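Have a look at the fold, then read on.

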Amino acid sequence: MNVRKIGNIFTVFVGGIIVTIISLWIGQQAYSWLPPQAAAESQLIDDLISFLVTLGAFIFLGVTSTLMYSIIFHRAKTGDFSDGPHIEGNVTLEVVWTAIPIMLVLWIASYSYQVYEQMGIQGPMELVHLHNPVGMESAYAAPKDEPANTLAEPVENIDVLAKQWAWVFHYPEKNVTSTELHLPSDRRVHLALQSEDVLHGFYIPAFRLKQDIIPNHTIDFEFTPIRVGQYRLTDSQYSGTYFATMQANVVVESPADYQQWLAQAATQKPTPAHNQAASEYAQAASQSVKTGWTTVAPAASPLVNYPG
């Protein structure tokens with residue numbers, strides 16, 4: 001083996017180590033690109049995204065580095081217009097560069113499906129076959145060092161109604177209705193998702209949670225908020241003209257503050273909540289000149305104990 005060949009092998013080896021280190025560093029930076037982790041399940045999604053970013057960076061840097069190395073160190077000499085070596089083919093190389101992408105795709109698919117299962121999100125198969133009852137597997141994604149008895153914590157049950165165009169939350173424990181979703185921190189939460197009219201999407205970016213809501217069906221959905229603060233719930237599905245107004249605040253607070261809020265809201269008399277879609281629709285209907293297509297009239301403003 002000549003010196004040049006040894007040098008090429010050493011260069012490839014060192015370059016592979018450098019590319020791997022840089023790719024791992026870029027993958028770690030991906031965590032800072034996302035909102036703060038406000039639910040236990042968000043760790044699963046963030047780990048998956050970091051893995052995909054690391055893998056993508058490794059492939060990109062590997063291909064780019066190989067091209068740059070070839071351009072810099074294996075370029076033809078000035079005035080050399082001769083043809084390169086005639087190569088008919090290399091079966092081993094073709095098998096390798098076919099097998100590696102297949103293995104990578106299978107790896108990504110397996111990891112993604114594992115996260116999907118752990119999240120407990122109900123996909124299209126569960127929703128299509130709702131006539132065959134399927135038990136929901138709880139989406140528990142707490143840190144590994146968390147006590148095992150955490151699963152025994154009481155589940156907070158909340159009914160969620162989506163309609164054109166408002167979110168309505170009902171707390172059976174105190175018979176409280178609100179247009180603002182309040183959640184206790186570090187407690188398992190069980191939502192019963194329902195749609196009054198069309199397809200809606202329950203999506204909280206800070207929780208990394210998204211669940212489609214099918215009309216005429218109740219969909220069970222569970223997660224564990226872990227970070228006190230205020231977040232935003234949006235409708236991830238286009239549900240009509242004013243779907244952009246279908247947003248709600250999500251308030252995660254300590255269990256004590258949550259119980260205090262419930263008790264205080266229960267003492268308030270239900271009143272119609274402000275509905276931005278209804279206000280915009282009324283304003284458009286009052287105009288003397290009609291513009292645009294006729295749209296669906298928003299549902300009546302819900303009666304709530306706490307309008308938010």
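## A greasy face on a helix

Let's start with Leu-67, which counts as exposed at 52% relative accessibility. The cut-offs here are under 20% relative accessible area for buried, over 50% for exposed and partly exposed in between, using a 1.4 Å probe and protein chains only. Leu-67 is found in helix α2; helices are DSSP runs (H or I, at least four residues), strands are E runs of at least two, and both are numbered from the N terminus.

Leu-67 also belongs to a nonpolar surface patch of about 780 Å², together with Phe-58, Ile-59, Val-63, Met-68, Ile-71, Ile-72 and Phe-73. Patch members have over 30% relative accessible area and no salt bridge, with nonpolar side chains (Val, Leu, Ile, Met, Phe, Trp, Tyr) joined within 5 Å and like charges within 9 Å. A salt bridge would be a Lys or Arg side-chain nitrogen within 4 Å of an Asp or Glu carboxyl oxygen. Areas come from the Shrake-Rupley method with a 1.4 Å probe, and for residues only the protein chains shown count as cover.

## Ground rules

This is a predicted model: local features need pLDDT of at least 70, side-chain atom pairs count only at pLDDT 80 or more, and totals for chains, interfaces and linings use all residues. Residues are numbered from 1 along each chain as its sequence is written, and side-chain values use heavy atoms, leaving out hydrogens and water.

## The buried leucine

Leu-55 sits in helix α2 too, which spans residues 42-73, but Leu-55 is buried, with a relative accessible area of 13%. Setting aside neighbours within four places in sequence, Leu-55 is in contact (heavy atoms within 4.5 Å) with Leu-104 and Ile-108. Leu-104 is 49 residues away along the chain, yet its C-alpha atom is 9.0 Å from that of Leu-55.

## Rings

The whole structure has 13 aromatic pairs. Rings of Phe, Tyr and Trp (its six-membered ring) pair if their centres lie within 6.5 Å; planes under 30 degrees apart are stacked, over 60 edge-to-face, and the rest tilted. Phe-207 and Phe-223 have ring centres 5.5 Å apart and planes at 50 degrees, so they're tilted. Phe-207 lies in the loop between β6 (200-204) and β7 (209-213) and Phe-223 in strand β8 (residues 219-223), so the pair ties together parts 16 residues apart in sequence. Both Phe-207 and Phe-223 are buried.

## The whole chain

Overall, the protein chain has six helices and 12 strands, and 33% of its 308 residues count as buried.
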